[in-house]
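Colleague: I have a model open and would like to learn how to read it. Could we go through it one feature at a time?

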Amino acid sequence: MTGDPAARRALISALVAAANGPDPMPELCRACARELDVPGASMMVMGDDGPAPLAWSGEVGRRLEEIQRTVGEGPCVDAHRSGAGVSEPDLRAPRPGRWAAFGPAAVAAGAVSILSVPLRVGAVRLGALTLHGVAAGDLGHVDDADAAAAADVAVHAILAAQSGAGEGALGEDLQVLTDYSATVHQASGMVSVQLGVGVGEALVRIRAHAFVTGRPLTEVAADVVAGRLRLDR
């Protein structure tokens, strides 16, 4: 895209069509990658216990969202908190002090450049849409307004998915958020009892174990819940 209004209308039309499909969230990520001509895209929603992966276009996107879920930092977290786009053209040489845990893990997962755009409605922030590249500068051609337009379509898709849900429930297309949160919450409660610590500290212990062992947070949490893993004091 070049910022041309007609091209942007075509972009939005293609993304809206994807969002109205039978599997809207993953299809929207795949359409973002295709229409913006980038290797991959993913989305997260920020919950009470940190970023929760919502959808992705491929394996690298899934791993990026898992890493941010595990370490609690990264471009999507910063974009959500700041309400502005966050980019890094080369994760192998980021600006000093940026994402000491996320950066190396993201490169190992196959992402070298990254751009996150907040998902927001007015002052309300829901999460972030993230585009990634597999080489330095891979995202240099992405127009900021096109990325923001893609984020707007994603916000409307999330709100539409939630519009028919009952009070206190998530829409069917957002159930993956429940799956992530429920397992982590249950594991935090179990570790809290086992170690005699608060739930917050238990979550920190689980995250630390996931980071040190290089495993996704939800995978470690699932092992705790299933009794396959018991954390030491």
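Modeller: Start with a cut-off: a residue is called buried under 20% relative accessible area, exposed over 50%, and partly exposed in between. Keep in mind that this is a predicted model.

Colleague: Is Arg92 buried or exposed?

Modeller: Arg92 counts as exposed, because its relative accessibility is 54%. Arg92 also forms a salt bridge with Asp90, and their closest N and O atoms are 3.0 Å apart.

Colleague: How many salt bridges does the structure hold?

Modeller: The structure holds 13. Another one joins Glu219 to Arg215, with the closest N and O atoms 3.0 Å apart. Glu219 has 38% relative accessibility, so Glu219 is partly exposed. Arg215, at 23%, is partly exposed too.

Colleague: What about Asp223 and Arg228?

Modeller: Asp223 and Arg228 form a salt bridge whose closest N and O atoms lie 2.8 Å apart. Asp223 counts as buried because its relative accessibility is 13%, whereas Arg228, at 59%, counts as exposed. Elsewhere, salt bridges with shared partners join Glu27, Arg30, Arg34 and Glu35 into one network.

Colleague: Let us turn to the whole chain. Which elements does the chain have, and in what order?

Modeller: The chain has nine helices and five strands. Read from the N terminus, their order is α-α-β-β-α-α-β-α-β-β-α-α-α-α.

Colleague: How do I judge whether the chain agrees with a compact globule?

Modeller: Compare the radius of gyration with what a globule of that length would have. For 233 residues, a compact globule would be near 17 Å; this chain has 18 Å, so the two agree. Along the principal axes, the C-alpha atoms fill a box of roughly 60 × 45 × 30 Å.

Colleague: How much of the chain is buried?

Modeller: Buried residues are 47% of the 233. The chain exposes about 10500 Å², and 54% of that area comes from carbon and sulfur atoms.

Colleague: Where should I look for a nonpolar core?

Modeller: In soluble globular proteins, nonpolar side chains tend to be buried together. Here the largest nonpolar core has 37 residues, of which Met25, Leu28, Met43, Leu54 and Leu119 touch the most other members. Among the elements that give two or more residues to this core are helix 1 (5-19), helix 2 (24-36), strand 1 (40-47) and strand 2 (50-56). Helix 6 gives the largest share, nine residues.

Colleague: Which residues is Met43 in contact with?

Modeller: Leaving aside neighbours within four places in sequence, the contacts of Met43 include Met25, Leu28, Cys29, Leu54, Leu119, Leu129 and Ala154. Glu65 is also one of them.

Colleague: Is His80 buried or exposed?

Modeller: His80 is buried, because its relative accessible area is 13%. His80 lies in helix 4, residues 75-82. Apart from neighbours within four places in sequence, His80 is in contact with Met44, Met46, Arg125, Leu126 and Gly127.

Methods: Residues numbered from 1 in each chain as written. Predicted model: local features only at pLDDT ≥ 70, side-chain atom pairs only at ≥ 80, totals over all residues. Heavy atoms only, no water. Helix = DSSP H or I, 4+ residues; strand = E, 2+ residues; numbered from the N terminus. Rg over C-alpha atoms; globule rule 2.2 N^0.38 Å. Buried < 20%, exposed > 50% of the residue type's maximum accessible area, 1.4 Å probe, protein only. Areas by Shrake-Rupley, 256 points an atom, 1.4 Å probe, with all protein chains shown as cover. Core = buried A, V, L, I, M, F, W, Y, C linked by side-chain atoms within 4.5 Å. Contact = heavy atoms within 4.5 Å. Salt bridge = Lys/Arg side-chain N within 4 Å of Asp/Glu carboxyl O.
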